[in-house]
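Have the sequence and the 3D view open side by side while reading this briefing.

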2 protein chains.
Amino acid sequence: MAEVTFDYLNLREVEGGLGKEDLDGIQPRLKEAVDGLLGDPPGFMRLPKTREYAEASSGLADEIRGSGATDFVHVGIGGSALGPMAVHRALNHPYHNALSGRRGPRVHFAENTDPATLSAILDVADPAGTWVNVVTKSGSTAETMANFLVIRGFLVDALGSFGYQGRTIATTDPEKGFLKEISEREDLRVLPIPADVGGRFSVLTPVGLLPAAVTGLDVNALLTGAAQCVDEVREQGAEHPAVVGAAMHYLMDTARGRNVRVMMPYADSLERLAAWFVQLWAESLGKDGKGSTPHGAVGTTDQHSQVQLYMEGPQDKVIEIVEVQEHPRDLPIPKAYDDLEGVGYLGGHTMAELLNVECDATRKALTEAGRPNSTIKLGAVNEENLGYLFQALEIQTAASGALYGVNAFDQPGVEAGKEITYKRMGRPGH
Amino acid sequence: MAEVTFDYLNLREVEGGLGKEDLDGIQPRLKEAVDGLLGDPPGFMRLPKTREYAEASSGLADEIRGSGATDFVHVGIGGSALGPMAVHRALNHPYHNALSGRRGPRVHFAENTDPATLSAILDVADPAGTWVNVVTKSGSTAETMANFLVIRGFLVDALGSFGYQGRTIATTDPEKGFLKEISEREDLRVLPIPADVGGRFSVLTPVGLLPAAVTGLDVNALLTGAAQCVDEVREQGAEHPAVVGAAMHYLMDTARGRNVRVMMPYADSLERLAAWFVQLWAESLGKDGKGSTPHGAVGTTDQHSQVQLYMEGPQDKVIEIVEVQEHPRDLPIPKAYDDLEGVGYLGGHTMAELLNVECDATRKALTEAGRPNSTIKLGAVNEENLGYLFQALEIQTAASGALYGVNAFDQPGVEAGKEITYKRMGRPGH
């Protein structure tokens, strides 16, 4: 069973916090929102019970691992990268690529169209053992296709066309698009991104499942955790804490003027989870002049960067702490310098203990200073809990879309910039 | 000569932008602020013309490099880490640690008290060739001292006390504190953090200079760029664009209700520069209920994550693009698929060209949508320009402190959380 809990007490009990009347007032709309999601579930809510993507991803991952692959280059941006990166960062060794005994090939993400980054990947990747996964639902994302064209040249130069074709995967819409067309011409392997699942909701499709499986992670457990979340939401409806969170954050923004929503995990491994969430929330809700600004932070690190602002700056934020009960590794702090009061007290404790004490201390300090905060607690950082949390935050975001009265599944605001780019780069018809 | 320019046109010419009357109105206070900084310069403004720290750092770096060091562990958090990380990320290879022909030892940052991160460093570091740099001005930062105690144990186990002592550097206040006391007892090497320079303004002290020199970067060029900035501010006073930026951002927050300040470099290598700036701005200004929220983004990546919100969300933000004219490396995009209009147009261009076209396209799209934005342009990402930019943003932040009427050099809001931590961990007297 996934162990993920949500605690909103400190959004209610601080001065200016949300009261019973606020929550009662929004309740009918919240119920309508969740009934809408349950009555006609959006594509992402059907993914946890779909095992065909996990099977296809695991099968291909086994082939990649079995081939003695040295490098796996994941080419994608936005929703095609943030989910896979969040999983990789959360569950693999921080020095995965440098580790001699690593599980599976080195993993590289080619996201931005920054030649320094792609050059660096090509400096390190061994073409003789490199696999490439090109991920774009539309098949025409400029950054992704540019990275792909360069890597394709690199592999064709080293291995010939046949070698390149045997090591390239197209993860794309199975029905249409330029990448689908290319995959047919060149007989590339294909994994599907279902038509009814948008990029930022796609972590439990092959977009997220293949790279996870390539490093030996348990993709079925990701889905099991997510399925538990969907089942609970079906049972509890608007009482489910992820759904309640939609109302809490909507009200904090619209009724309390708190337009910044901070997600602050107390674990380095969850830094990219916050980045994944930033896209999910920003791109789903930021439209029609609405939407709070999601902002990622990491504890304890940002206690020494941003917490001053959270404690004493304007009352314009809500802080969501993500706490981990059992850290995957721990280190005892050796006893030393007993006579130095500013150092000696640390010995005999552990690093994880200090991390969690600081997490609790920050929460208490925020609360005592009247700064609204909530906590998501994970029993551990594992596949099942991560799958649950992905799904819970996706459902919360979709429900928030209904409260804001916006379409959580489109992103019309990015078209203007794309058009200018196409025109400048000479794309026909633009 | 450093090549760094600032362009505020799109903060003025958009609807609701800042007009002549806004800027004229603030001018006397801005002049007073910069006169104050020039009349009695805070410590950080004297650093660029001080060469003793560069000499001490370079000398020690030469010794480290000459010793055949395999690993350099930089232990510090907040201002003791963000500057060094920004420099390392900006100017060294993205895969520095994995690269066989790297300049200098592997570099590790032990920041957070997260046992997963420190365990990973110790998995990779070779104790026989590891040097440790412990950086804390006060000498009692809990996270830093906990990391230090663990690493100290690791080195003493492997090398004995004598071996550990010969490879450990204490970068700290030369006059007082527990780390100074430890360095004297154990005869550690010491580099000074001057008493009148706070952590977040310390990148041009040994805090930033030693790790830069260890990887062979030109620390004198960092100082030269910074000195040029100080000289220009001395000549131009309140007309200097970095100083003008203080007024612009102060007014956008306080007179236009734009409480989120986004810094969005169009180069992966500048991602940590934005993180450095986030601390600088947040911790210096976030007090007395004041201070806008700094937020980091990366172009093009965040075009696929946050730009939807910037384009169509609430009018509560100012976007500052950091553009790089000449990227350090480039890759031609091979011609292929000429008949596929969504792909074929990319061939014949380069990655850097696409990156900069997208930068300009985003700026235009924001401006056309009435979204205020400014641009910092770097001729290239090099030591001199980076030094200039550090200094310019520090001066801008200090001047902003005067406009907000807050002390830009303290951080009283982090004490409450520290006290709770000390009490729980059993520090005497707390």
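The buried residues of α16(A) pack against α7 of chain A, and also against α13 and α14 of chain B. This is a predicted model, in which local features need pLDDT of at least 70 and side-chain atom pairs count only at pLDDT 80 or more, while totals for chains, interfaces and linings use all residues. Residues are numbered from 1 along each chain as its sequence is written, and chains are lettered from A and ligands numbered from 1 in the order in which they are written.

**Terms for reading the points below**

- Helices (H or I, at least four residues) and strands (E, at least two) are DSSP runs, numbered from the N terminus.
- A residue is buried if 20 or more other C-beta atoms lie within 10 Å of its own, exposed if 12 or fewer, and partly exposed in between, with C-beta atoms placed from the backbone.
- Two residues are in contact if their C-beta atoms, placed from the backbone, lie within 7 Å.

**Helix α16 of chain A**

- Helix α16 of chain A covers residues 415-425, and its buried residues are A:Gly417, A:Ile420, A:Thr421, A:Tyr422 and A:Met425.
- After α16(A) comes A:Gly426, which has a positive phi, near 85°.

**How the two chains are related**

- Chain B is superposed on chain A by a rotation of 180° with 0.0 Å of shift along the axis, giving an RMSD of 0.0 Å (least squares on the C-alpha atoms of residues with pLDDT of at least 70 in both copies).
- The two copies are therefore related as by a two-fold rotation axis.
- The same surface serves both copies, as 100% of the contact residues of chain B recur in chain A.
- Which residue of chain B comes closest to the rotation axis? B:Ala98 does, with its C-alpha at 2.8 Å.

**The contact between the chains**

- Chain B gives 107 residues to the contact, and chain A gives 107 residues.
- On the side of chain B that touches chain A, the elements giving two or more residues include α7 (142-166), α12 (271-285), β8 (293-296) and α16 (415-425) of chain B.
- The most comes from α14(B), with eleven residues.
- By class, this side of chain B has 50 nonpolar, 37 polar and 20 charged residues (Ala, Val, Leu, Ile, Met, Phe, Trp, Tyr, Cys and Pro count as nonpolar, Asp, Glu, Lys and Arg as charged, and the others, Gly among them, as polar).

**The two domains of chain A**

- Chain A is divided into domain 1 (4-40 + 221-413) and domain 2 (45-217), with bounds from an automatic or database domain assignment.
- The C-alpha centres of these domains of chain A lie 29 Å apart.
- Their contact takes 24 residues from domain 1 of chain A and 21 residues from domain 2 of chain A.
- On the domain 1 side, α10 (219-236), α12 (271-285) and α15 (383-404) of chain A are the elements that give two or more residues.
- The largest share of that side, nine residues, comes from α12(A).
- By class, the domain 1 side has 15 nonpolar, four polar and five charged residues.

**The parallel sheet of chain B**

- Five strands of chain B form an open sheet with parallel pairing, in the order β3-β2-β4-β5-β6; two strands pair if DSSP finds at least two bridges between them.
- The edge strands of chain B are β3 (106-110) and β6 (189-192), each pairing on one side only.
- Strand β2 (residues 71-75) of chain B is joined to β3(B) by five bridges, and B:Val73 has B:His108 as its bridge partner.
- Strand β3(B) is mostly covered, with four of its five residues buried.
- Strands β4 (residues 130-135) and β5 (residues 168-172) of chain B pair in the parallel sense over four bridges, and B:Asn133 has B:Ile169 as its bridge partner.

**Strands β1, β9 and β10 of chain A**

- Strand β1 (residues 4-7) runs antiparallel to strand β10 (residues 373-380) of chain A, joined by four bridges.
- Strand β9 (residues 317-326) of chain A runs parallel to β10(A), joined by seven bridges.
- In β10(A), A:Leu378 is the bridge partner of A:Val4, and A:Val324 also stands opposite A:Leu378.

**One residue of helix α7**

- A:Phe148 is found in helix α7 (residues 142-166) of chain A.
- Is A:Phe148 buried or exposed? A:Phe148 is buried because 28 other C-beta atoms lie within 10 Å.
- Leaving out residues up to four places away in sequence, A:Phe148 touches A:Val75 and A:Val134.
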